[in-house]
Each structure stands twice: as structure tokens, then as C-alpha cells.
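Here are my notes on the model you sent over. Have it open while you read, and go through the points in order.

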Amino acid sequence: MSNPTGTFNCKLDAKGRLMLPADFREQLGGQTEEDFILRPGLHGTYLELYTIGDWNRRREVLMQVNTFDRRKLDIMRKYLDGVKRVKLDANGRLQIPKELLERSGMSKEVVIDSMFTNMEIWDKAKYDERVSAITTEELATGVEELFSGLQFGI
């Protein structure tokens, strides 16, 4: 499965429903008929969104963790705290559970940023702040470090 490509500006309605843009839904294709997984962001106040296929692949890896190790079990428990299974409604809206809305501090303006392994849902102001915190020079250095030694087939 692949996630949509791009960054999408969206709005939350008063009931916490997120209208997914048509382009986003089109890129997801038949995956819009399946469940999605939402969880609190690992590195901040955002939400991680997974297709059910991507979540199941992650689940298979996580099932290899030794749960007889108390520390690993506690970390796993904390990682899974707040995970919710959600679906798109007939109008292409994703209902974000109230608990996750509160934990992420989202307002009406929202950004969906498609990463390679999942998608992230951010409050727009927090997203803009996070992205603008990295200078162009820091980005160039970071990309150089991140991609150093990788083969892209070109």
C-alpha cells in the first residue's frame, strides 16, 4: 500500500469530523473503504494515521517484541495508548475521537502531511511552527546525513 503524496490543508467541523480532500481520497483509492488507525503522535502533538494494511504490517513487527521483558511491555503499552480504529463516513469525513482531538490540541485548521510509512494530522499552526523551525541550511545538512549511502537507482 502507498500513502498519498503531498501536504493537504483541511478543516475540522464542530463535531470533530475531518473532510479529506478529493485528491487525498483519490490517491488512497480502494483503501478509503477500509478501516484506518489513528494514534497520538510519537514526537509531538499531532496524530499518526495509518491505512489498515500499513498498521497490520507494523503490528506484525511489534508482535515480535518480548513481552516477558517488563520494560518493553510498558513501552509497548504506552505506544498503544490512545490507538483508535476509524472509518471514513459516506461523505469522505474522518471522525477524530474527542480524546485524540484533545491530546493533539487541534483547532479548525488542520494539515495532513503524507510521510512514507504513515500520514500525520497536525493543527495547522503547530505544523507551520514545526516545519519553519528547520532552516534551509539545516534541511540540506539533514538530507545529506539522512540519504548518505542510500542507493536510489539513478
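What share of the contacts in the protein chain with a separation of 6 or more comes from residues 24 or more positions apart?

1. That share is 59%. A contact here means heavy atoms within 4.5 Å.

2. A word on where this comes from: the model is predicted, so local features need pLDDT of at least 70 and side-chain atom pairs count only at pLDDT 80 or more, while totals for chains, interfaces and linings use all residues. Residues are numbered from 1 along each chain as its sequence is written, and side-chain values use heavy atoms, with hydrogens and water left out.

3. Now the layout. The protein chain has six helices and eight strands, and from the N terminus on they come in the order β-β-α-β-β-α-α-β-β-α-β-β-α-α. Helices (H or I, at least four residues) and strands (E, at least two) are DSSP runs, numbered from the N terminus. The C-alpha atoms fill a box of roughly 45 × 45 × 30 Å along the principal axes.

4. Buried means under 20% relative accessible area, exposed means over 50%, and partly exposed is in between (1.4 Å probe, protein chains only). The protein chain exposes about 10000 Å², with carbon and sulfur atoms supplying 54% of it; such areas come from the Shrake-Rupley method with a 1.4 Å probe, and for residues only the protein chains shown count as cover.

5. Have a look at helix 2 (residues 52-62). Its buried residues are I52, G53, D54 and W55. They pack against strand 3 (36-40), strand 4 (47-51), helix 3 (70-80) and strand 5 (84-86).

6. Next, follow the chain to D81, in the loop between helix 3 and strand 5. D81 counts as partly exposed because its relative accessible area is 36%. Leaving aside neighbours within four places in sequence, D81 touches P40 and R103. D81 and D123 are 42 residues apart in sequence, and their C-alpha atoms are 20 Å apart in space.

7. Finally, find I134 in the loop between helix 5 (124-132) and helix 6 (136-147). Why is I134 counted as partly exposed? Because its relative accessibility is 49%. I134 also belongs to a nonpolar surface patch with L139, V143, L146, F147, L150 and F152, and together they have about 690 Å² of accessible area.

Conventions: Patches are made of residues with over 30% relative accessible area and no salt bridge: like charges are joined within 9 Å, nonpolar side chains (Val, Leu, Ile, Met, Phe, Trp, Tyr) within 5 Å. A salt bridge is a side-chain nitrogen of Lys or Arg within 4 Å of a carboxyl oxygen of Asp or Glu.
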